[in-house]
Structure formats: structure tokens, C-alpha cells
Amino acid sequence: MDNTNEELDILRDKVRGVTTEIMRVVQQRIELARKIGEVKSRLGIDIKDEKVEHEIRMRVMLLAQEIGMSTEFALQLLNILLVESEHVQAQKSSQKVVEKQTHLGIFSKAKQLEATGKKIIHMEVGEPDYSPPTRVGAALAESFRMKLYHYTDTQGIAKLRDAIAAKEGGGICKDHVVVTPGGRFAVFSAITSLLRTGQELIVIEPAWPAYKECADFVGARTKILRTTLEDKWIPDTKQLEGMINSSTKMIVLNYPNNPTGKVLDHKTMENIVLIAKDHGLYLLSDEVYADYVFAEFSSIRKYDYAKSIVVGSFSKRYAMTGFRVGYGIANKDIVSKMARVQAVAITSVAEPMQQAALAALEVDPSENIKLMKKRLDFICRKLKKMSLRCVEPEGAMYAYPELPKGEDIPIVEKLLEKGVALAPGSGFGDSYKRFVRISACQPEKMLEKGLDVMASVIREQM
Ligand code: PMP
């Protein structure tokens with residue numbers, strides 16, 4: 001068939017012209033952003049300015065309505081432009097030179113010091129110091145003997161998914177479960193399979209940095225809802241709702257929270273679910289610390305919201321961090337989207353590790369949880385003696401106190417020189433330079449030593 005048609009040729013020619021024009025105008029915008037970046041760098045102004053962004057977003061929404069463009073698409077396009085502007089401005093700015101220090105950076109510095117023979121008390125990483133249940137080791141050996149070391153269903157072996165579904169309860173079955181290499185990969189596959197470039201998700205800070213990093217991976221934009229110690233780390237749900245626009249697709253929750261140990265009350269959780277429902281948003285609830293709760297905790301599963309995804313893990317519950325087994329729970333459609341990421345990336349979680357996880361599920365972890373609570377109470381008593389402000393953790397494995405003076409990085413570095421590793425608060429959000437995260441994954445004696453060194457460094461500062 002002849003593919004030429006005069007009308008088609010004319011239209012295609014016009015499209016070429018418009019595309020060329022768009023590219024030229026976009027390049028003009030990038031050049032302007034670069035110049036703005038130079039000025040900001042000279043004046044020492046932050047790259048991100050939420051007020052300016054809000055204004056431009058409003059303008060684009062109005063324009064979209066005026067010219068008959070979908071506002072959702074218009075905002076996605078705008079987000080792509082904003083991401084590129086930030087990128088070129090960061091290249092110009094002195095701000096990028098200062099690589100963000102996180103607990104992992106401190107951990108690797110601590111390891112380097114240990115290699116030179118220095119003794120370090122590790123209070124920076126969230127890795128339980130106790131051993132996994134002994135039957136986990138037996139299950140590993142058994143899986144070798146029984147030749148259970150093959151590729152498995154991408155979603156995970158049926159027995160393990162059945163057992164996870166039974167543990168979680170609430171009428172779910174194995175089709176609602178995807179077994180992942182650690183909770184981290186469940187977070188990654190949920191964010192990368194459900195969000196597209198230019199769409200937005202909302203993260204409540206202070207937060208584990210991986211949510212934003214996963215969003216960056218697909219060019220999605222992270223909007224930050226900040227919480228404060230003064231408000232006991234409770235998010236303002238009105239403010240949350242005000243941040244939503246037509247390109248917003250997901251809210252990320254992490255309760256019990258890393259790093260604050262906060263657990264949200266039922267009313268706040270219910271409000272957040274209602275907001276997500278009203279706006280049709282996904283709710284990604286990272287509940288890897290769900291076993292470590294010392295207050296009343298409602299899993300997002302309780303609210304029976306179809307667009308929720310729960311992330312669980314064997315890492316913290318059974319001290320099985322290096323086994324790399326976690327899971328996602330969601331409706332079948334979401335699970336199959338997450339499984340597709342997994343099929344492309346890893347085929348399946350290693351079968352012996354899945355067998356080990358299955359054996360672990362038979363073990364009651366309550367002794368670990370009691371131990372963690374006892375240590376956190378001990379840390380809180382010591383912090384009180386130091387007169388540091390801290391919201392008592394209601395879950396997880398950390399305390400997140402405020403420093404009385406100065407910023408986290410110099411103090412954390414000084415402490416490291418003295419053999420104590422802590423996580424800088426700013427690793428969980430730029431606004432938290434006045435905080436440090438103390439992990440309770442050490443025996444009480446070590447915690448005591450570490451906290452005494454911390455007290456002396458803080459005294460020197462005053
Ligand atoms: N979510 C949070 C909040 C975490 O702190 C961690 C680990 N530090 C994870 C998820 C991931 O854990 P894993 O991949 O070991 O299951």
C-alpha cells in the first residue's frame with residue numbers, strides 16, 4: 001500500500017516543526033536554569049525553592065486548563081523540566097561538592113578505621129547483633145541436601161507465600177504476596193513499577209533515604225512533608241492533602257519509623273488512608289519494623305485499601321539481614337507489576353534463602369523484641385541524663401535525639417575519632433542537622449560506653 005498522502009505529509013512536517021521549536025525552547029529554559037544556578041551558588045542560596053516551584057506549578061495548571069491540555073500531563077512535563085533544572089544547578093553549585101553523609105557513609109568510615117586496628121562501637125547501623133534462629137541454619141543445610149537450590153517462581157515459592165499470607169492474616173492468599181530480596185527490593189519494585197517519569201510521590205521526613213532514591217531512578221519527583229520533634233513526629237494531614245496535585249500518585253509511610261521510632265495513632269492513619277482514597281493514590285507502607293512495636297500499631301492492612309502495598313522483611317524480625325528476604329503484599333494487579341520488575345532484574349530470590357525464611361516463620365521473635373525495648377529504654381534514660389530532647393521510641397530499633405548545640409556531621413566525626421559511630425540526622429532529611437540516630441543493635445554494656453563518650457563530646461561543645 002502506498003504510504004504517501006499529501007495531507008499526512010503536511011501534518012508530519014508541522015509536527016517536525018513544532019518538535020524542533022519545543023526542543024529550542026526547552027534548551028532556552030535549561031540555559032536560564034543554569035544561569036540561575038550560578039547566581040544561587042554565588043549568593044549561597046539553596047537550589048530548591050518550594051515557593052517558586054509552587055508558583056510555577058499553579059501557572060502551568062491554569063495554562064493547561066486554558067489551552068485544553070490535561071493538567072496531569074502538563075504537571076508531569078513540568079516535573080521533567082524541574083528535575084533537569086535541579087540537575088544543571090547542582091552541577092554549578094558548590095552544594096554538590098558536599099556529598100551527603102548517611103549512616104552507610106559513617107559505617108564504611110568506621111570499617112576503614114577498624115582495619116587500622118581501632119576499636120569502634122557501632123551505633124550507626126540498623127543490623128541486629130543477635131543471631132538468626134538456629135533452625136534457619138538447619139533449613140539452609142537441608143535445602144542443600146534436598147537439592148532445593150533452583151530458580152523458583154518469580155513471586156517466590158508457594159509454601160513461603162502461603163506462610164507469609166497466613167502470618168499476615170486478613171483473608172489474603174499467596175497471590176497477594178511477592179517474595180523479594182529484602183524489604184528494600186519490595187520498595188524499589190513498588191516505586192519503579194507504579195510511578196512514571198514526571199509523576200510525584202510524597203515522603204514524610206525524617207525518612208529512610210531509599211524512597212527518594214528509588215523515585216529518582218524513574219525520574220519521579222519526591223515531595224517532602226516535614227515532621228518535627230515538637231509535634232512528636234506526627235505528620236500534619238491537612239498539609240499532606242495540600243501537597244497533592246494531579247501528578248501525585250503515591251504516599252510513602254514508614255511506621256514504626258526509621259529513624260524516629262514513631263508509631264502513628266489510629267486516627268492519623270485513618271486520615272491518611274482517607275486522603276489516599278479521595279485522590280486515588282497508592283499507599284506504600286514500609287512496615288519492616290512492624291514486629292518491634294511497643295505502642296498500639298495499626299498496619300495499613302487494617303484499612304483494607306485496594307491501592308496499598310505493605311513491605312515486610314525477615315531482616316529485623318529474625319536478624320536475617322544478609323539472607324536478603326523480604327516481601328510485598330498488595331492486590332494481585334500490583335503484585336504482578338512488582339513481580340515483573342523482579343523477573344527482569346533477578347529471576348527469583350535464591351531458593352535456599354526462601355527455605356530458610358520459611359523455617360524462620362515458625363519461630364517466635366518476642367525475646368528479640370523485648371531485648372530491643374529494654375535497650376531503647378536504657379538509651380532514653382541516658383539521653384535524659386544528658387538533657388537531650390528525644391521523643392521516646394514507640395517502635396523500631398532507634399532513638400533520634402536532638403543535639404543541644406552544633407550540627408550533626410562535626411559531632412559524628414568527632415565521635416568516630418573517639419571510637420563511637422552514630423548516624424548523622426541529616427542522612428534522613430536536610431532539615432535534621434541538629435539530630436543523630438542511635439541504633440540499639442548493641443549489647444547494653446557497649447551502648448553505655450558509647451553514650452558516655454557521646455556525653456563527654458557534647459559537654460566539650462557546651
Ligand atoms: N525499610 C526501612 C525503613 C529500613 O530501615 C530498612 C533497612 N535498614 C529496610 C526497609 C530494608 O531492609 P531489608 O532490605 O534488609 O529488608
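**Domains, sheet and ligand**

Biologist: What distance separates the centres of domain 1 and domain 2, taken over C-alpha atoms?

Modeller: This is a predicted model, where local features need pLDDT of at least 70, side-chain atom pairs count only at pLDDT 80 or more, and totals for chains, interfaces and linings use all residues. Residues are numbered from 1 along each chain as its sequence is written, and side-chain values use heavy atoms, with hydrogens and water left out. Domain 1 spans 2-96 and domain 2 spans 103-130 + 365-461, with bounds from an automatic or database domain assignment. Their centres, taken over C-alpha atoms, are separated by 43 Å.

Biologist: Happy to go on! Which strands are the edge strands of the open sheet of 7 strands?

Modeller: Strands are DSSP runs (E, at least two residues), numbered from the N terminus, and two of them pair if DSSP finds at least two bridges between them. The order is E2-E8-E7-E6-E5-E3-E4, with mixed pairing. Pairing on one side only marks the edge strands, E2 (177-180) and E4 (221-226).

Biologist: Nice. Which residue in E8 stands opposite Val 310?

Modeller: Strand E7 covers residues 308-313 and runs antiparallel to strand E8, residues 326-329. The two are joined by 4 bridges. Opposite Val 310 stands Ile 329.

Biologist: And the ligand: how much of its exposed area does the protein bury?

Modeller: An oxygen atom of the ligand is 2.6 Å from a polar backbone atom of Gly 183, and a ligand oxygen is 2.8 Å from a side-chain N or O atom of Asn 258. Taken alone, the ligand exposes 400 Å², by the Shrake-Rupley method with a 1.4 Å probe. Of that, the protein buries 92%.

Key:
Polar contact = N/O pair within 3.5 Å; in protein donor to acceptor, adjacent residues only side chain to side chain.
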